[in-house]
Amino acid sequence: MAAVRSQVALLWAALALCTATSSGALAQKKYDSGASDTEIKIGNIMPYSGPASAYAAIGRTEEAYFNKINAEGGINGRKIKFISYDDGYSPPKTVEQARKLVESDNVLLIFGSLGTSTNSAIRKYMNEKKVPQLFVASGASKWNDPKQYPWTMGWQPSYASEARIYAKYIMKEKPDGKIGVLYQNDDFGKDYLLGLKEGLGAKASMIVREEAYDISETAIDERVVKLKATGADIFISFTNQKFAAEGIKKAAEINWHPMQIISNVSASVSGVLEPAGIEISQGVLSATYTKDGSDPQWNADDGMKKFYNFLAQYQPKANKLDAGVVFGYAAAQTMVKVLQMCGDDLTRENVMKQAASLKDFEPDTLLPGIKINTAPDNFAPIEQLQMMRFKGKKWELFGDIISSEMSH
């Protein structure tokens, strides 16, 4: 009897093996260029040099995060090979680097490349080649256009979303104010300006002057003087870090003390407020969606504990006060989540499909209550922010998490 039983057991084992093999054949591994049993190649383009090099910390943090993932065994057993090139924030150079990544390095996708004009320069190419241009590090609204550009997706809240939140705040706090706007004369600045006007709606006439500067200009002092001359009591800087610092400095120099709002991309303590001067930066306003690495209120926060441990182990030289470090960590974490969701189907098409099906994902460094959600018709992962005020040596959050959606 025992012999029969063992024969039956052997038969079942053989059957189970057959079934496993055939279902294994069904769930075949699928790869596109840049993916294999052992590796996933990710391309990236950053301004490691040039006028926007302050943002290079983002790329360095992403690289360190992928090193951490690799040290822990990779993604479903595959190591990430992160290939990051410098474009000096110059669109023609971005095009050159994107072609190199896609055609020579054969990456699976390009992730987290920085800048509006730079990403705009490669968007058509990426979509023609059907290579994911994922989690673009720029808040231009144009990255949320899945119909026209199904291979391109943003990550951070759009500049227009952020500006609508400032409009909501101004109408509540200073409904009779006069607004002077300094903005960068390109897609980046114009997006902010458009969002502000959308948010103000019928009250858009509160804007008494708009001053546009070109990125190549050396100083914006005169423009700040012109804004003060209008009698504006609200000064909004939709600028990069260098000019945000100069704007704060100049306003203080000419004894102009309006309500001051700077864009989230320029809300770096080490990159903007310290160079401008901590004393004169008191009371400056902005909005954010990430936790502040320098703020002790997060010391007991589980997500930030993981972040600090990561820095200690994989990026000890990083400045935790730099918002770019917090940003790079959360963006890389989102990318890893998408690749995990892909399982063994590492085709470019599946990468985009998974990126467009994120549900309530909460990276460690985002503010509590802010969640990442995407859908096939929604390529805007983050659409909420919270206002903050610079006080002492750090930003203080106040008010509720505000959604940028327009109230109809």
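Which helix gives the most to the lining of the largest cavity? In this predicted model, the helix is H11, with 4 residues in that lining. H11 spans 323-342. Strand E14 (394-397) also supplies at least two residues of the lining.

The structure holds 2 cavities of 30 Å³ or more. A total of 43 residues line the largest cavity. Nearest its centre lie Tyr-55, Asn-264, Val-265, Ala-323 and Gly-324. By class, the lining of the largest cavity has 24 nonpolar residues, 14 polar residues and 5 charged residues.

The second largest cavity has a volume of about 30 Å³. Its lining includes Gln-156, Pro-157, Tyr-159 and Glu-162. Tyr-192, Tyr-289 and Leu-385 also belong to the lining of the second largest cavity. Asn-264 and Val-265 are part of this lining, and both are also among the residues nearest the centre of the largest cavity. The lining of the second largest cavity divides into 6 nonpolar, 2 polar and 1 charged.

A further feature concerns a charged side chain. Asp-105 is found in the loop between helix H3 (91-104) and strand E4 (109-111). Asp-105 is buried, yet has no salt bridge. The nearest side chain of opposite charge is that of Lys-100, 5.8 Å away. The side chain of Asp-105 instead makes a polar contact with the side chain of Tyr-85, at 2.8 Å.

How values were computed:
Residues numbered from 1 in each chain as written. Predicted model: local features only at pLDDT ≥ 70, side-chain atom pairs only at ≥ 80, totals over all residues. Heavy atoms only, no water. 1 Å grid on protein atoms, 1.4 Å probe; cavity = no way out; pocket = protein on both sides within 12 Å on 5 of 7 lines; lining within 4 Å. Points joined across faces, edges and corners; volume = space filled by probe spheres on them. Nonpolar A, V, L, I, M, F, W, Y, C, P; charged D, E, K, R; others polar. Buried < 20%, exposed > 50% of the residue type's maximum accessible area, 1.4 Å probe, protein only. Lys, Arg positive; Asp, Glu negative; His and termini not counted. Salt bridge = Lys/Arg side-chain N within 4 Å of Asp/Glu carboxyl O. Polar contact = N/O pair within 3.5 Å; in protein donor to acceptor, adjacent residues only side chain to side chain.
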